[in-house]
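Morning, everyone. Please have a look at the model first.

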Amino acid sequence: MITDKKIVVIGSGVSGVGAVKLLEAAGAVPTLYDSNEKLTEAEVRKRLPEGSKCKVVLGEFPENLKKETELVVLSPGVPVDLPLVEELRTNGAAIWGEVELAYHFGKGKIAAITGTNGKTTTTTLVGEIFKSYYPEVFVVGNIGTAYTQEALKMTDNSVIAAEISSFQLETIENFHPKVSAILNITPDHLNRHHTMQCYIETKEKIAENQTRDDTCVLNYDDEETRRFGGSCKASVLYFSREHILDQGVYMDGTAIVYADESVRTKICDVSELKLLGTHNYENVMAAVAIAAAMGVPFPYIRETVINFTAVEHRIEFVAEKKGVAYYNDSKGTNTDASIKAVQAMNRPTIVIGGGYDKHVTFDDWIACFGDKVKWLVLLGQTANQIAETAKKHGFTHIVFTESLEEAVQVCAGKAESGDAVLLSPACASWGMFDNYEQRGRMFKDYVRALPE
């Protein structure tokens with residue numbers, strides 16, 4: 001039994017603490033390790049349940065523990081190619097992530113969703129559709145509620161919508177969703193995965209344990225996911241904004257249609273949706289395909305999708321000040337997401353961008369500005385790189401700022417009535433903020449503090 005093994009959880013953040021809580025609740029006595037020597041055991045124990053018997057190890061990893069460890073549970077932020085992890089693997093330890101751990105203890109039918117962009121919106125929408133039909137629903141994963149936190153509450157009747165990141169997919173072993181989905185694949189996290197091929201293969205792992213009795217939902221318009229459909233072991237269900245499909249979900253003009261061989265069912269017209277932007281039509285189509293594959297009847301799907309509003313930090317309308325509309329797209333942490341946000345704007349736009357360097361290029365993002373973007377207001381580690389790229393493309397209306405508050409003030413000064421201000425950084429938040437949520441909420445606070 002897993003509870004009898006010598007288990008080490010690496011990382012004392014939210015995921016690591018969630019893993020410890022699950023393991024202790026299941027009867028195991030794990031060791032929690034963090035290499036940060038500045039942490040104290042007292043600080044770490046404050047995060048653990050009262051009365052926790054978990055051993056806490058900080059700083060140098062003890063040699064005797066390396067030999068004894070049978071199972072390692074990695075937090076998503078810990079690279080799998082870390083020398084310590086490689087050594088533990090060589091010593092015979094199994095390497096799991098929080099998803100694999102939660103799956104071991106959890107029950108129910110899982111719809112697992114990955115992709116470079118659209119995961120949070122699609123997973124949230126799928127969760128809402130499930131809740132409209134099924135009595136016992138969990139929405140977990142990279143979306144904010146740790147899978148490990150909910151696993152022991154699940155029963156055979158549970159239905160789960162899980163947002164799964166590439167970091168989490170690196171460490172799956174037996175994870176087997178009833179329905180999987182890869183929404184799209186564009187360059188991201190290459191500082192972690194090193195090559196695009198590795199990133200693609202990691203995303204595809206979401207379906208590696210599926211069989212023909214399961215379903216994999218894929219984007220027909222994305223070259224990589226369409227290619228994967230030819231080798232995927234699950235039954236493939238495509239969605240497409242650009243092609244009429246014999247089987248799957250597609251757009252016919254402005255109608256979203258579900259095709260099942262000769263039967264075609266109109267789900268809704270995009271004019272009925274409350275979501276902004278063509279990329280969100282793709283998210284809705286993916287959610288329709290996932291929900292249908294999980295057995296939800298069409299009337300329940302339709303009712304939910306036409307009443308669904310944008311999730312926080314994803315092209316989220318914040319306020320209108322002096323005739324200027326402000327949008328929070330802090331979830332736009334890569335260029336593809338930010339391209340879609342710019343394309344969704346229907347006003348002349350000032351963009352706030354820049355942040356943590358994930359070793360990607362910004363040419364496609366700048367190229368999408370066209371005549372729509374009036375100014376680019378930059379901050380963070382990538383500001384100079386983005387500015388150089390913009391100038392190369394002939395875009396010179398650039399302002400450098402030292403903080404997000406200053407960026408909002410600059411935008412307010414340059415915007416005219418009828419314009420939009422869009423926070424869509426095309427970069428991760430690390431370095432200046434704890435996460436994209438904090439960045440987005442600070443942006444909203446600064447906007448709301450502007451004079452009317």
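Arg302 is partly exposed at 30% relative accessibility, where partly exposed covers the range between buried, under 20% relative accessible area, and exposed, over 50% (1.4 Å probe, protein chains only). Its partner is Glu272, and the closest N and O atoms of this salt bridge are 2.7 Å apart. Glu272 sits in the loop between β14 and α12 (278–293) and Arg302 in helix α13 (residues 298–307), so the bridge ties together parts that are 30 residues apart in sequence. Glu272 is likewise partly exposed, at 30% relative accessibility.

Some conventions before I go on. This is a predicted model, in which local features need pLDDT of at least 70 and side-chain atom pairs count only at pLDDT 80 or more, while totals for chains, interfaces and linings use all residues. Residues are numbered from 1 along each chain as its sequence is written, and side-chain values use heavy atoms, with hydrogens and water left out. By salt bridge I mean a side-chain nitrogen of Lys or Arg within 4 Å of a carboxyl oxygen of Asp or Glu. Helices (H or I, at least four residues) and strands (E, at least two) are DSSP runs, numbered from the N terminus.

How many salt bridges does the structure hold? There are 24. Another of them joins Asp246 and Arg264, with 3.6 Å between the closest N and O atoms. This pair links distant parts of the chain, 18 residues apart: Asp246 is in the loop between β11 (235–240) and β12 (247–252), and Arg264 is in strand β14 (residues 263–269). Asp246 is exposed, at 59% relative accessibility, and Arg264 is partly exposed, with a relative accessible area of 39%.

Next, Asp329 and Arg314. Their side chains meet in a salt bridge at 2.2 Å, N to O. Asp329 belongs to the loop between β16 (324–328) and α14 (335–344) and Arg314 to the loop between α13 and β15 (316–321), so parts that are 15 residues apart in sequence are tied together. Is Asp329 buried or exposed? Asp329 counts as buried, at 0% relative accessibility. Arg314 is buried too, with a relative accessible area of 7%.

Salt bridges also form a network, which links Glu312, Glu316, Arg441 and Lys444.

Now the rings. The structure holds twelve aromatic pairs. Rings of Phe, Tyr and Trp (its six-membered ring) pair if their centres lie within 6.5 Å, and planes under 30 degrees apart count as stacked, over 60 as edge-to-face and the rest as tilted. For Tyr258 and Phe298, the ring centres are 5.0 Å apart and the planes are at 55°, so this pair is tilted. Tyr258 lies in strand β13 (residues 255–260) and Phe298 in helix α13, so the pair connects parts that are 40 residues apart in sequence. Tyr258 is buried, with a relative accessible area of 11%, whereas Phe298 is partly exposed, at 26%.

Phe362 and Trp365 form a tilted pair as well, 6.3 Å centre to centre and with 55° between the planes. Phe362 is buried at 2% relative accessibility, and Trp365 is buried at 0%. Elsewhere, ring pairs link Phe130, Tyr133, Tyr134 and Tyr300 into a cluster.

A charge sits over a ring if NZ of Lys or CZ of Arg is within 6 Å of the ring centre and within 35 degrees of the ring normal. The charged end of Lys414 sits over the ring of Trp375, 3.9 Å from its centre. The charged end of Arg226 sits over the ring of Tyr220, 5.3 Å from the centre.

Last, the sheet. Six strands form an open sheet in the order β15-β16-β20-β17-β18-β19, with mixed pairing; two strands pair if DSSP finds at least two bridges between them. Which strands stand at the edges? They are β15 and β19 (398–400), each with a single partner strand, so one side of each has no neighbour in the sheet. Strands β16 and β20 (residues 420–423) run parallel and are joined by four bridges. Tyr326 stands opposite Val421 in β20.

Helix α18 (residues 436–448) packs on the sheet and touches β15, β16, β17 (349–353) and β20, contact meaning heavy atoms within 4.5 Å. The direction of α18 makes about 15° with that of β15. Axes here are lines fitted to C-alpha atoms, for helices over the stretch in contact, and angles run from 0 to 180 degrees between N-to-C directions. Helix α16 (residues 383–392) also packs on the sheet, touching β18 (373–378) and β19, and its direction makes about 165° with that of β19.
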